[in-house]
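Reader: I would like a close look at one part of this model, where the chains meet. Then take me through a few local features.

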Amino acid sequence: MQNGLLESIKRGETVLEARGITKRFPGVLANDRIDFEIKAGEIHAILGENGAGKTTLMNILFGLYQPDEGEVIIGGKEVKFRSPLDAIDLGIGMVHQNRKLVSAHTVIENIVLGHPRAGKILDLKRTGHEINELCDRYGFKIDLRAKVWQLSEGEKQVVEILKALYRGAKVLILDEPTSALAPPETKKLLASIEAMARDELAIVPFITHKLPIVLAISDRVTVLRRGRVTARLETARVTEKSLAKEMVGREVIFRLERTSVEKGEPILQVENLSAVSDKGFLALKGISFSVREGEIFGIAGVSGNGQHELAEILAGLRKAEGGKVTLGGRDITYCTSLERWQMGIGYIPSERTEVGSIGDFSLVENVTMNFYFDDAYSQRGIVDYRNIRKLTQEIVSEYSVMAPSPDTKAKNLSGGNLQKLILARVLSRRPRLLIANLPTQGLDVGATEFVRNKLMEAKKQKAGIILISEDLDEVLSLSDWVAPIYEGEFMGIIAGEETKRDRVGAMMAGSRSSLFPPQVGEDEGGKET
Amino acid sequence: MRIGSHELKIEKRLMLVGWQAAVISILAIMFALALFSIIFVLAGINPLLAYQEIFSYAFANPYGLPLTINRFIFLLLCTYAFIIPFRAGLWNIGMTGQLYAGTLGAFAILFAFGGKNSHTAELSPEILIPLMLIAAALGGGVLGAIPGFLKGKFNINEIVVTMMLNFIVFWLVAFMIKEGGLFMNPGGRGESFELPPSVYAPLITGVPFTIFLGLGLAVLLYFLFAKTKIGYQIRAYGHNPAAARYAGISTFKIPLLVFVIGGAVAGLAGYHYFAAVPGVYKIARNYGFFGDLAFYGIICGLISLGNPLLSIPVALLFGGLSIGGRFVQGKLHIGFGVDYALLGVLMITLVAFQFFYRYRLVLRPLKGSDE
């Protein structure tokens with residue numbers, strides 16, 4: 001194809017333009033006459049909820065789909081991509097959200113993989129120099145000889161960016177660039193993005209939620225809703241609120257009122273619990289706390305600090321190494337997950353598609369996951385699918401799950417709708433204890449608001465709730481107690497009203513609270529101070 | 001691709017209805033027969049004549065039809081032995097070993113009741129036949145329990161285990177029936193002792209009663225997967241073991257259970273061929289042939305997409321073609337194994353045509369614009 005269209009592009013000139021892009025899928029108009037353009041040196045964010053058509057547009061710009069109508073123009077010339085290879089050759093680089101790297105290979109091998117120069121003779125030394133130059137220029141820090149599986153999510157993303165840059169990308173498409181990053185990593189990435197933009201690169205971040213990121217780095221933002229462009233704005237002139245409104249189509253409340261409910265009896269008592277992670281190290285180091293009816297116990301922390309193991313132990317999916325868990329006075333440390341469901345524990349896993357649902361099953365069959373063992377829904381070994389179908393229909397309408405029918409396969413639902421289904425399924429068991437692991441992760445603004453409201457409702461109905469989240473604001477605004485977790489230990493347990501954002505943030509990063517010494521938490525479950 | 005003023009495109013299917021799958025399968029069969037007729041032509045044989053001979057012998061001939069039906073029952077049971085673990089996402093490649101184990105179980109009962117020593121022994125069929133069936137199911141089930149247990153407890157690959165067990169049991173059978181073996185035929189000949197006629201399986205118009213086992217299981221299994229709690233648990237585990245575990249389903253019991261049931265059904269297939277099919281009534285010298293035939297259970301299971309009812313026509317077709325193919329080979333003096341060659345072509349075509357389960361061809365008018 002026409003290589004080199006972008007070789008001599010200068011700052012301020014239009015690099016990539018999409019005109020009237022329309023893409024239909026059977027039954028869906030995914031992109032409806034979308035116009036979009038980006039100049040060299042610009043950061044132009046594309047914002048939209050799940051299902052707004054972002055992914056389709058991204059795949060068209062990257063050559064994975066061909067548009068039904070409309071054209072893609074690069075450096076002033078109309079182009080037709082037959083495959084992503086054409087797009088790459090023309091200088092378009094894509095950084096996927098689900099990293100597409102070979103985990104057993106080293107960083108440098110991954111960067112070189114697929115490069116036209118590779119496959120002949122690999123001069124890793126020269127390549128290494130060139131990549132290191134790129135790193136220096138944009139402030140990336142990475143060990144080129146490390147194997148990819150050893151890297152954190154943030155580092156893997158750096159590898160993907162370097163790979164695209166090394167292929168000579170002039171336009172960089174970033175799919176949810178900050179979704180898997182801890183705050184410090186996010187900060188570094190944003191600085192690098194700005195450095196790249198100063199170097200005449202055109203950068204297109206696709207973002208679902210995280211509106212502050214859009215505000216922080218972009219020059220312009222195009223908002224999509226239901227496959228159409230609803231707004232094209234200069235970022236300097238918008239606020240988080242106005243963006244959310246364009247995106248969702250109505251006003252969105254960002255802060256929830258923490259309703260106080262009369263505290264009931266203690267339900268869950270965790271004493272000195274420890275656990276080993278999948279990789280074999282001690283992930284939980286003797287945690288103690290208790291949860292009462294009608295309260296939300298928030299666990300704030302960056303992923304990988306033991307909260308996931310804690311959730312799995314409470315749900316019966318992982319063995320405790322030591323310690324004791326009691327539910328309503330009964331020792332449940334060694335109960336199976338089925339017994340726990342039957343006792344009234346409900347678990348919302350963070351892995352929606354891998355654990356929380358079965359993609360090839362219909363919605364009815366997915367709802368069955370939490371009811372097949374229930375006498376009301378199965379008698380003498382026969383599952384009462386008619387009754388479960390009725391329940392599914394109720395759930396779908398009450399939680400406004402967008403699905404054509406109860407027989408739709410779960411894999412065809414968007415992330416937000418799937419999460420609503422899982423939440424509804426678990427909540428309709430009326431659990432005494434609910435464990436919600438990253439319940440709003442990856443959800444758009446509307447669905448996040450919905451999920452939070454439902455958690456509040458469950459709290460009013462006297463459920464004890466353990467909320468595990470990486471989103472500090474979420475934990476602070478919802479929880480009655482906040483326990484920042486760091487390397488398998490609580491850094492303190494603080495009453496919700498008394499939390500200060502900065503201090504909890506510092507505790508998440510490992511500093512202990514001096515005002516709320518941890519030994520109080522360990523002796524008394526941390527509540528009776 | 002362009003055809004005149006239209007273009008031919010491949011599109012993804014959103015869903016597949018039952019009748020569409022049936023049409024695709026029938027087209028695949030016709031395509032396979034057309035393809036294979038090239039081979040007939042190359043061999044100097046009129047393909048139409050050959051097919052006429054194959055089908056009329058297999059399905060309309062007083063000698064051929066019973067052979068077809070017996071083979072159909074055997075294939076159907078082997079198909080279920082594959083399908084049951086398959087619905088739990090597990091691959092049973094061990095029907096061969098399991099059916100041998102079942103056969104050994106059935107013959108052990110005969111042996112215990114003195115069936116070996118006297119061919120004219122008047123044994124009571126009301127007691128012995130049920131016992132033989134139970135022993136056959138038990139033999140296959142116990143052998144199936146090995147891969148099931150190893151999978152559930154230690155997550156050991158079930159394909160490797162079942163396949164290796166096939167070899168072990170193959171030689172175990174040889175050990176039992178060849179020189180000096182417990183089940184050796186008194187006259188030697190490298191085969192087992194023969195069933196006393198008193199315990200021949202009852203025939204209904206020439207067809208052994210095992211056909212009711214096969215057809216009954218079809219309905220039973222269909223019901224199991226569609227309606228029951230255990231069927232739901234098996235399917236959930238099959239689609240996503242992690243999600244099944246989350247839902248409280250035991251990731252130990254399910255693999256064990258499906259392999260025990262699957263193995264037991266394979267054991268019944270062993271009983272059927274070696275103790276119920278008229279004219280056999282012993283573990284024949286060429287028992288390895290039936291072991292190989294059992295692998296077609298995998299093919300039938302895959303083609304019928306794990307659906308026990310759909311397995312019936314598929315197994316019938318495969319049974320018929322293998323009988324008819326062998327017949328036409330002798331009748332028309334063809335110098336190669338028509339039965340396996342034909343089944344092979346059919347199998348490849350059917351699997352290849354499953355492409356159309358996911359995609360479809362659409363012909364639509366070209367738009368004005370040009371590329």
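How many residues of chain B are in contact with chain A, and how many residues of chain A do they touch?

Author: This is a predicted model. In it, 15 residues of chain B are in contact with 23 residues of chain A. On the side of chain B that touches chain A, two elements give two or more residues: α8 (229-239) and α9 (241-246) of chain B. The largest share comes from α8(B), with five residues. By class, the residues on this side of chain B are eight nonpolar, four polar and three charged.

Stay with chain B and turn to a helix pair. Helix α2 (residues 47-60) of chain B packs against helix α3 (residues 64-87) of chain B at an angle of about 75°. Their axes are 5 Å apart. Angles of 65 to 115 degrees count as roughly perpendicular, so α2(B) and α3(B) are roughly perpendicular to each other. From α2(B), the contact uses Tyr57(B), Ala58(B), Phe59(B) and Ala60(B). They meet Gly64(B), Leu65(B) and Thr68(B) of α3(B). That contact has five nonpolar and two polar residues, and no charged ones.

Now a helix in chain A. Helix α13 (residues 385-398) of chain A has 14 residues. At 1.5 Å a residue, α13(A) should span 20 Å, and its end C-alpha atoms are 19 Å apart, which agrees. Its buried residues are Tyr385(A), Ile388(A), Leu391(A), Thr392(A), Ile395(A) and Val396(A). Seen down the axis of α13(A), they fall within an arc of 135°, so they line one face of the helix. These buried residues pack against α12 (363-368), β18 (382-383) and α14 (415-427) of chain A. The face turned away from the buried side carries the exposed residues Arg386(A) and Ser397(A). After α13(A) comes Ser400(A), with a positive phi near 40°.

Backbone angles deserve a word here. Most residues other than glycine have a negative phi. Glu487(A) has a positive phi, near 45°. It is found in the loop between β21 (481-486) and β22 (489-490) of chain A. Glu487(A) has 14 C-beta neighbours inside 10 Å, so it counts as partly exposed.

Phi of Leu305(B) is positive, near 55°. Leu305(B) lies in the loop between α12 (296-303) and α13 (311-331) of chain B. With 16 C-beta neighbours inside 10 Å, Leu305(B) counts as partly exposed.

Definitions and conventions: Residues numbered from 1 in each chain as written. Chains lettered and ligands numbered in written order. Predicted model: local features only at pLDDT ≥ 70, side-chain atom pairs only at ≥ 80, totals over all residues. Helix = DSSP H or I, 4+ residues; strand = E, 2+ residues; numbered from the N terminus. Expected span 1.5 Å × (residues − 1). Buried ≥ 20, exposed ≤ 12 C-beta atoms within 10 Å, placed from the backbone. Arc of directions from axis to C-beta. Contact = placed C-beta atoms within 7 Å. Axes fitted to C-alpha atoms, helices over the stretch in contact; angles between N-to-C directions. Parallel < 35°, antiparallel > 145°, perpendicular 65-115°, else oblique. Nonpolar A, V, L, I, M, F, W, Y, C, P; charged D, E, K, R; others polar.
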